[in-house]
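Biologist: I would like to learn how to read a structure with two chains, step by step. Could we go through it together?

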Amino acid sequence: MTAELLEKKPTAIANRRKRSGKEQFWLIFRYASLTFIWFLIVMPIYVLVVNSLKGVKDVYLVNAFDLPKGLDFSAWPISWSGGDYFSAFSLGESLARTLFFVIQSSIISAIIGSINGYVFAKWKFPGSNIVFTLFLFGMFIPYQAVMIPLVQLVTNMGINKSIYVLVMAHVIYGIPICTLIFRNYYASIPDELIEAGLVDKASRIRIYLSIILPLSLPAFVVVLIWQFTSAWNDFLFAIFLTGGSPKLSVATTTLNFITGSSNQVFYGLNMTASLMVSLPTLIVYIFLGRYFLRGLLSGSLKG
Amino acid sequence: MALQTSKRVSTWIGGFLFVVPSIAAVAIFVYGMIAWTVRISMTDRISASIKEPKFVGLQNYTNLISDTRFTHAFENLIKFTFLFIVGTTIAGFIMALLLEKGIKGEGFFRSFYLYPLAISFIAMGTVWNWLLNSNVDADAGGLNLLLQKVGLGFLQNSWYLSENGAAYALALPAIWQMAGYVLALFLAGFRGIPDDLREAARVDGASESKIYRYVLFPQLTPTLFTVLIILGHVSMKVFDLIIGINGKSYVTQVVAVYMWESTFDQRNYAKGTAIAVVLLLLIALIIIPYLRWVIKQENENR
């Protein structure tokens, strides 16, 4: 609901007329303020970009804001492969591995979320509202409160070095939000559609497959993007469940990269690595930001 | 009628079976693990060498109260939370206020204001580590350099290395990241106010500022409530932002970071779980009333 409101055109823009001097002043004031805020928000990513183009050794704090003298991409391949600087691990491999597991967990999450959402919205069972509320609480808990038993469990099972532990963690702890997004989406589909199906003696499963599922694309996009972004950016599960191994998830690799495995810190490489790690979610945001916003707003239960 | 929950088992059992795996997963991995955490927190499992921990009741919790490292982390969390909530709410609200009437280029500004939410904080830690660098004057980079350039050089300070201000300094990147979220919530709040309200006030001759003060702002109270709850619970959990910028350094430790250190470096699971339970209780305290409020609203709207 909230997300639709954002798209609503305000009336002030619809009935435009000649502006008075006072209105003109406020308009300029607004643009000036918006631009000022824009600079503040863009600054950190600007620093990342310019410093990733200055090569390996020409990067110093005092010229952090300066534009590069020329385009020097030499830091990129070294950050990607580790090179002579970080022989212990390769960020590129970690990126590929993380991409692989994050996509897997997003797809599984979306399928589970869709089925759950259908049941909680249109095929309720006695007590389903209470169960749903208990799910919702699971969305807000600090994961520290489940982490130590979880660490013990995966260590005892001997799977604590496996990337699949992270897939499972993101799928399981993503159940509440994915269920919520689909349930809210399905709740907006008129009951009459389903009743018509029932009158025609279609089974609930048939109705789901032939009526609900074909309408679900937007919700799938929202959930896929949401799970992709949060699993990609996740640090908590990665650091606890893999014991901070630099070879598994991209978040822990990045941390190892930044804190440096050698005595000397190469800022150029750090900046490039950070930018590389930020790019996948940033690209998704650039192309599908609207859907990302919907996921975000559902997290406040006001979506 | 068909969709009402019916007493006849055959109408609902199918749906129930489909969600049983999820219910089991949440029951075990959320609630079961919480119970297990509480159980460990009441034992003397203070190092990896203790194989058969004994029950010690609330001892680990009382130990926390006298643990100066914990109270330090807690104090930092309070400071951080205070500036983070106030700063993010005000920043987001101002951004919404600037955009709410609609302005050419709204989409452009909005997209940029929200991009920080999509980026990993571990990755952004590198940049913020630079921006909040403590060097001043000729050696300055980051924010200190920017402050000099705009003639506010006297505001230069050592940010997260300062004695008392470290926790406040780390609220800056958090505000940077979350302001867009607050903007989105408030903007939707503004757009949800019926236009008639504004028009009616205008017809009655109310000035533009009075319309905001007496007509629009009161309508946003529920939004403000949501904003405060969401920011509050995000703040309690703050972890990767701190690690990304300053690792687990003592000066900027918050509760979640101290929990990690106790668990990993000291292998003190008893302490780690006790801290986790404190964190959970803090969050439950604000989230449970919020859930009740949201559900009540949803039922009223039906």
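Modeller: What follows is a conversation about the features of this structure, one topic at a time.
Modeller: This is a predicted model, in which local features need pLDDT of at least 70, side-chain atom pairs count only at pLDDT 80 or more, and totals for chains, interfaces and linings use all residues. Residues are numbered from 1 along each chain as its sequence is written, chains are lettered from A and ligands numbered from 1 in the order in which they are written, and side-chain values use heavy atoms, with hydrogens and water left out.

Biologist: What does the secondary structure of chain A come to?
Modeller: Helices (H or I, at least four residues) and strands (E, at least two) are DSSP runs, numbered from the N terminus. Chain A has 14 helices and 0 strands. Of its 303 residues, 56% count as buried, where buried means under 20% relative accessible area, exposed over 50%, and partly exposed in between (1.4 Å probe, protein chains only).

Biologist: How many residues of chain A are in contact with chain B, and how is the size of an interface often given?
Modeller: The size of an interface is often given as the accessible area lost when the parts come together. Here 100 residues of chain A are in contact with 104 residues of chain B, a contact being heavy atoms within 4.5 Å. The two chains, A and B, bury about 9300 Å² between them, and 75% of this area is on carbon and sulfur atoms; buried area is the accessible area (1.4 Å probe) that two parts lose on being put together, summed over both.

Biologist: How many salt bridges are there between chain A and chain B?
Modeller: Side chains of opposite charge can pair when their charged atoms come close. A salt bridge is a side-chain nitrogen of Lys or Arg within 4 Å of a carboxyl oxygen of Asp or Glu. Between chain A and chain B the count is 1 salt bridge, formed by Arg183(A) with Glu298(B), whose closest N and O atoms are 3.0 Å apart. On the side of chain A that touches chain B, helix α3 (residues 21-52) of chain A gives the most, with 17 residues. By class, that side of chain A has 70 nonpolar, 20 polar and 10 charged residues; Ala, Val, Leu, Ile, Met, Phe, Trp, Tyr, Cys and Pro count as nonpolar, Asp, Glu, Lys and Arg as charged, and the others, Gly among them, as polar.

Biologist: How many salt bridges does a search of the whole structure find?
Modeller: Over all chains, the search finds 12 salt bridges. One of these joins the side chains of Arg110(B) and Glu106(B), at 3.0 Å from N to O; both residues lie in helix α4 (residues 106-114) of chain B, 4 residues apart, about one turn of the helix, and both are buried. Another joins Asp265(B) and Lys248(B) at 2.6 Å, N to O. Asp265(B) lies in the loop between α13 and α14 of chain B and Lys248(B) in the loop between α12 (240-246) and α13 of chain B, so this pair ties together parts that are 17 residues apart in sequence. Asp265(B) is partly exposed at 45% relative accessibility, and Lys248(B) is partly exposed at 31%.

Biologist: Which residues are linked in a network of salt bridges?
Modeller: The network links Lys101(B), Glu199(B), Arg202(B) and Glu208(B). Within it, the side chains of Arg202(B) and Glu208(B) meet at 3.5 Å, N to O.

Biologist: Which residues have the most contacts inside the largest nonpolar core?
Modeller: A nonpolar core is a set of buried Ala, Val, Leu, Ile, Met, Phe, Trp, Tyr and Cys residues joined through side-chain atoms within 4.5 Å. The largest one has 203 residues, and those with the most contacts inside it are Tyr173(A) and Leu241(A). Leaving aside neighbours within four places in sequence, the residues in contact with Tyr173(A) include Phe237(A), Phe29(B) and Met33(B).

Biologist: What is the phi of Trp159(B)?
Modeller: Most residues other than glycine have a negative phi. The phi of Trp159(B) is near 45 degrees, a positive value in a residue other than glycine, and Trp159(B) is buried, with a relative accessible area of 11%. Arg267(B) also has a positive phi, near 55 degrees, and its place is in the loop between α13 and α14 (269-300) of chain B.
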